[in-house]
Amino acid sequence: MTTHPCPYPRHTGAAAFFGAALLALQLAGIAPAQADEMPTVRIELNDGQINVRRVELPARQRFRVEVVNQGKTPAEFESLPLGLELVVAPGGTRTRALPGKSPGTYPFYDEFHMETTRGEFVIK
């Protein structure tokens with residue numbers, strides 16, 4: 001195996017630094033890939049139908065809400081107490097990460113189909 005020394009000594013130092021930093025993070029169990037391990041709640045809407053009415057999550061932990069619109073009409077997923085509003089085109093998906101919340105009940109609904117799509121996040 002032949003190695004080619006970098007003609008720019010500063011670059012070699014920077015690469016070594018980032019490599020060592022990444023290794024230290026992995027050894028500490030804090031790898032960048034773990035950011036994707038945030039709990040994700042998938043909510044599917046379909047022209048006035050919803051796949052889940054109650055979602056339980058731990059308090060003070062970040063989580064992600066993924067809203068999938070499987071219907072033929074637009075959807076507007078809202079949870080005003082959570083400060084969440086996602087307009088989703090037919091066949092589309094929207095995602096938003098939220099900060100950890102205090103314990104409580106946070107209602108949600110599709111504003112275009114409020115009568116049939118009500119539910120709640122229960123943060124414990």
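Start by selecting Phe121, which is buried because its relative accessible area is 0%; buried means under 20% relative accessible area, exposed over 50% and partly exposed in between, with a 1.4 Å probe and protein chains only. This is a predicted model, in which local features need pLDDT of at least 70, side-chain atom pairs count only at pLDDT 80 or more, and totals for chains, interfaces and linings use all residues. Residues are numbered from 1 along each chain as its sequence is written, and side-chain values use heavy atoms, with hydrogens and water left out.

**The rings around Phe121**

Rings of Phe, Tyr and Trp (its six-membered ring) pair if their centres lie within 6.5 Å; planes under 30 degrees apart count as stacked, over 60 as edge-to-face and the rest as tilted. The pair links distant parts of the chain, with Phe108 in strand β8 and Phe121 in strand β9, 13 residues apart. Strands (E, at least two residues) and helices (H or I, at least four) are DSSP runs, numbered from the N terminus. Phe108 is buried, as is Phe121.

The structure holds three aromatic pairs. Another of them joins Phe63 and Phe121: it is tilted, at 6.1 Å centre to centre and 45° between the planes. Here Phe63 sits in strand β4 and Phe121 in strand β9, 58 residues apart. Phe63 is buried, with a relative accessible area of 1%.

In soluble globular proteins, nonpolar side chains tend to be buried together.

Which residues is Ile43 in contact with, leaving aside its neighbours within four places in sequence? Among them are Ile50, Val52, Val65, Val67, Phe77, Phe108 and Phe121; contact means heavy atoms within 4.5 Å.

**The five-stranded sheet**

Colour the strands of the sheet that holds β9. Five strands form an open sheet in the order β3-β9-β8-β5-β6, with mixed pairing; two strands pair if DSSP finds at least two bridges between them. The edge strands are β3 (54-57) and β6 (84-88), each pairing on one side only. Select β9 by itself: four of its five residues are buried, so it is largely enclosed by the rest of the structure.

Follow the pairings across the sheet:

- β3 and β9 are parallel, over four bridges; the partner of Glu56 in β9 is Val122.
- β8 and β9 are antiparallel, over five bridges; the partner of Tyr106 in β9 is Phe121.
- β5 (residues 75-79) and β6 are antiparallel, over five bridges; the partner of Glu76 in β6 is Val87.

**The four-stranded sheet**

Now colour another set of strands. Four strands form an open sheet in the order β2-β1-β4-β7, again with mixed pairing. Its edge strands, β2 (49-50) and β7 (93-98), each pair on one side only. Strand β1 (residues 40-46) and strand β4 (residues 63-69) run parallel over six bridges. Select Glu44, which stands opposite Val68 in β4.

**A loop and a charged side chain**

Select Asp47 in the loop between β1 and β2. Asp47 counts as partly exposed because its relative accessibility is 34%.

Then select Arg118, which lies over the face of Tyr109 at 5.5 Å from the ring centre. A charge sits over a ring if NZ of Lys or CZ of Arg is within 6 Å of the ring centre and within 35 degrees of the ring normal.

**The whole chain**

Finally, zoom out. The protein chain has one helix and nine strands. Of its 124 residues, 31% count as buried.
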